[in-house]
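I wanted to look up how the strands pair and what lines the pocket.

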Amino acid sequence: AAGSALAVSNWNETLAPNNNPLPDAINGVAQITVSGGGVTKRFDALSLNVNINNNAEEVSALRNRGALAINQGTMSATVDMELLYGDEGNAFHAAMLSNDEFSVEYAIQDGDGRAQLWRFPKCRITSERPNPGKNAPIVQNLSFSVESGGTDYTGAADAKMIEILRFYAPAAL
């Protein structure tokens, strides 16, 4: 495509391996921040799940073993996390009822201090208010449906659905 950096002449070449350590899935999550609906707070979540789907599907036909074409569907993303229910729980519930927008960010870092920031600039809460059992901690399950739009990391409007900022200094956390 014109203006694209895609080159098919070297598709099978790979970059030289590096010795960067992989981020730890538990200790490597440096920060989770939720902003919107009257809440801007860093959380230590009990769990975090991000699901990104490009919704591509193959088109098949008789007498063909493989796909004739691949249809590109609509991209979708969800972010789910569990938090201990705190003072902000009422704000989340009110924001859900009024269909407020949120932004969700999380940073992961490797053992050498390099990090990535994943941003979801425009999200809507799809979860319900928690209802724990007797003698149980109140855990807030927050589920977000990610939309395109919102404000990007520079403050400009109409952000992408997902922004990933590459490795930066851990002091920026």
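I count two strands as paired if DSSP finds at least two bridges between them. Strands here are DSSP runs (E, at least two residues), numbered from the N terminus.

Ground rules first. I am reading a predicted model, where local features need pLDDT of at least 70, side-chain atom pairs count only at pLDDT 80 or more, and totals for chains, interfaces and linings use all residues. Residues are numbered from 1 along each chain as its sequence is written, and side-chain values use heavy atoms, with hydrogens and water left out.

Confidence: I looked up pLDDT (the predictor's confidence in each residue, from 0 to 100). The chain averages 81, with 88% of its residues at 70 or more.

Strand 1: I went through residues 29-36 and found seven of the eight buried (under 20% relative accessible area, 1.4 Å probe, protein chains only). Six bridges pair strand 1 antiparallel with strand 7 (residues 101-109), where valine 29 has isoleucine 108 as its bridge partner. On strand 2 (residues 39-43), also antiparallel to strand 1, I see five bridges, and lysine 41 stands opposite valine 34.

Hairpin: two residues separate strand 1 from strand 2, and glycine 37 takes a positive phi near 60 degrees there.

Lining of the largest pocket: I sorted the residues into twelve nonpolar, three polar and two charged (Ala, Val, Leu, Ile, Met, Phe, Trp, Tyr, Cys and Pro are nonpolar; Asp, Glu, Lys and Arg charged; the others, Gly among them, polar).

How values were computed: Buried means under 20% relative accessible area, exposed over 50%, partly exposed in between (1.4 Å probe, protein chains only). Helices (H or I, at least four residues) and strands (E, at least two) are DSSP runs, numbered from the N terminus.
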